[in-house]
Structures are given as structure tokens and as C-alpha cells.
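Please look through the model below, then read on.

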Amino acid sequence: MPELPEVEALRGFLAERLTGRAVRRVLPVAISVLKTYDPPLDALEGRAFTGVARHGKFLDLQLAGAGDSGLHLVVHLARAGWLRWQDTLPAAPPRPGKGPLALRVELAGEPAEGFELTEAGTQKRLAVHVVRDPAEVPGVARLGPEPLSPTFDRAAFAAVLAGQRHRIKGLLRDQSVISGIGNAYSDEILHAARMSPFRLAADLSDAEVTTLFTALREVLSSAVERARGLSATELKAGKRLGLRVHGRAGEPCPVCGDTVRSVSFRDSTLEYCPTCQTGGKPLADRRLSRLLK
């Protein structure tokens, strides 16, 4: 799933290519991705992009309009969605039901440039909204603070954790608590902080809160810098290369050499290093334990 660093890189990538360009046509292929109907999707046609913003994991493509305040094409790539830039789009319209293509946006001019939204797999969660204000998107409206914002300091971080009787792994992923962090970077942050993902936020000492905040800022800032300037096609591989524990179960920890372990849940898996994070003790994998009974 694209998280804050990859979505921020996509924001910069698109801002360079879209700003000032007009939409020739928008072709929906998978109707399920459209989450709004007013304004209609074809209201984007003829409008020029004025910029691209990011809200957590949401991309906000901003378009001007005569006599109104403009429109926003807000995209959430979800778990299996992605954006592909095309220097030359096919002349023939796409056929629904053929492949992962969900939406195509064609720009005015020759050759016909633009981008496509795709989604692999059977769980269709890619979401596209056309709104007059990004706050009309429920997922945007409920977002917590941006973790790399200058106003999100150690005190602000401590405030969002205060009194939370929840595991720190889940809180880092909760978009209403802190925006933009998902499964991969929460694993990386906790590894950098040498902290168990099962610790309760309310039990953290002041020193541990400081350590976790420092790890959060350093991991995300480093990932943003690694992703900066990469093309949309390079971002997925670039993300994996920068990860130390997430997606690396069975491999040696790059810090201590212990074997990276995993814990499986219904729809996700976390990875961690026992030596670095849990005092050498492997965490119980409840799903595996049930299978062995």
C-alpha cells in the first residue's frame, strides 16, 4: 500500500506534469472506483490543473473553473491501487472488465499524455472522488495531524498518545490519530525505536515517547528523501529497498543479525526483530497457533 512517502513523491511527480495542463477527457473503466456523482466526472473536462496536494494517503488533484471555486479529483490508492503515467495514451477507449485499469485521464495536446489508475486483485478499494472541497471526502475529513508538519512536535505527539489504552502499532496506523502511516512504515518506526508493536501507548515513559517520536520523524523523512524524484514506476521498488524489517520475515535484521519474525492477522502481517524490539522473545502468532490446535 502506498503510504505518506510514496504518495508525497507521486504528488511532486504529478505537480510537475499536470500543473497548467487541461483535461481532454476522463474515462471511467471500473465504475466501482467512483465514490461521488455530483459534480459528475465529466465536469473535469476542459478544466486545467492548478496544483496537486496531499492529505495523508490521499492525492488531491486541483482544477480551476470559470465562475466557481474549482474542483478536486481526490484519489486514494488503497492497498492494491497504483498510478501509471503514459507519455502516449492509446487512441482506442479502454474496455471495461479487461485487466486492472480503473480510470484514465487524458490531457489536451498532442501526443495524448495522461495517467491511468489501476488496481490489482479482487478486493476493489481504490477510491476516486470529485468534490468542490477535499473536506467533503469522509476519509480526508477525519484525518489526524500530518506527522512531518512543523507544528507536529514532540508535545503534539505526546498529546495524541496520552491515555490511549491501545497498542502502539495500531495507533500509528490509525489515520484519525496520525495521518499517512500504514503497515510498512509503522513496522519501520517501531524497529528504529527498538519498541514492541504490542506496547500500550499509555504505558510509554516520557523517554520512550521521545524515542518513538524521533524514530517516526527520522524514518518518514528519510523515506520521503529516498522517494523524491523517482518516477511513478520506480516508487514501488524504491520503497522495498529502503525497508529494514517490513516484508523481510526470515531475513537477518540489519542491526543485530537476528531473524526477522512476523505476526499474521486477518488481513495484514507485521514484521519485527525479537532482539531489537521484544527482549529476544518471539511474539505469539495467534493465527498460526489456532491452525496448530
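P39 sits in the loop between strand 1 (23-28) and strand 2. Helices (H or I, at least four residues) and strands (E, at least two) are DSSP runs, numbered from the N terminus. The peptide bond that joins D38 and P39 is cis, with an omega of about 5°. This is a predicted model: local features need pLDDT of at least 70, side-chain atom pairs count only at pLDDT 80 or more, and totals for chains, interfaces and linings use all residues. Residues are numbered from 1 along each chain as its sequence is written, and side-chain values use heavy atoms, with hydrogens and water left out.

A cis bond also joins E110 and P111. P111 lies in the loop between strand 6 (101-107) and strand 7 (114-119). Most residues other than glycine have a negative phi, and most peptide bonds are trans. The table lists backbone angles that depart from this pattern.

| Site | Feature | Angle |
|---|---|---|
| D38 and P39 | cis peptide bond | omega about 5° |
| E110 and P111 | cis peptide bond | omega about -5° |
| A78 | positive phi | phi near 55° |
| R194 | positive phi | phi about 55° |

A78 is in the loop between strand 4 (71-76) and strand 5 (81-86). Is A78 buried or exposed? Buried means under 20% relative accessible area, exposed over 50%, and partly exposed in between (1.4 Å probe, protein chains only). A78 has 6% relative accessibility, so it counts as buried. R194 is found in the loop between helix 5 and helix 6. R194 is partly exposed, at 48%.

Four strands form an open sheet in the order 2-3-4-8, with antiparallel pairing. Two strands pair if DSSP finds at least two bridges between them. Strand 2 (49-55) and strand 8 (127-131) are at the edges with a single partner strand each, so one side of each has no neighbour in the sheet. Strand 2 and strand 3 (residues 58-63) pair over six bridges. R54 has L59 of strand 3 as its bridge partner. Helix 1 packs on the sheet and touches strand 2 and strand 3. Contact means heavy atoms within 4.5 Å. The direction of helix 1 makes about 175° with that of strand 2.

**The helices**

Helix 1 (residues 4-18) also meets helix 6 (residues 206-227): their axes come within 8 Å and cross at roughly 35°. Axes are lines fitted to C-alpha atoms, for helices over the stretch in contact, and angles run from 0 to 180 degrees between N-to-C directions. From helix 1, the contact uses L4, P5, E8 and A9; from helix 6, it uses L220, A223, V224 and A227.

Helix 5 (residues 183-192) is mostly covered, with nine of its 10 residues buried. Among them are Y185, I189 and L190. The buried residues of helix 5 pack against several elements, including helix 1, helix 6 and strand 10 (269-272). R194 follows helix 5.

**The cysteines**

How many disulfides does the structure hold? The count is zero. A disulfide is a pair of cysteine sulfur atoms within 2.5 Å. For C253, the closest cysteine sulfur is in C273, 3.7 Å away, which is too far for a bond. For C256, the closest cysteine sulfur is also in C273, at 3.4 Å, again too far for a bond. C253 is buried, with a relative accessible area of 3%. C256 is partly exposed, at 35%.
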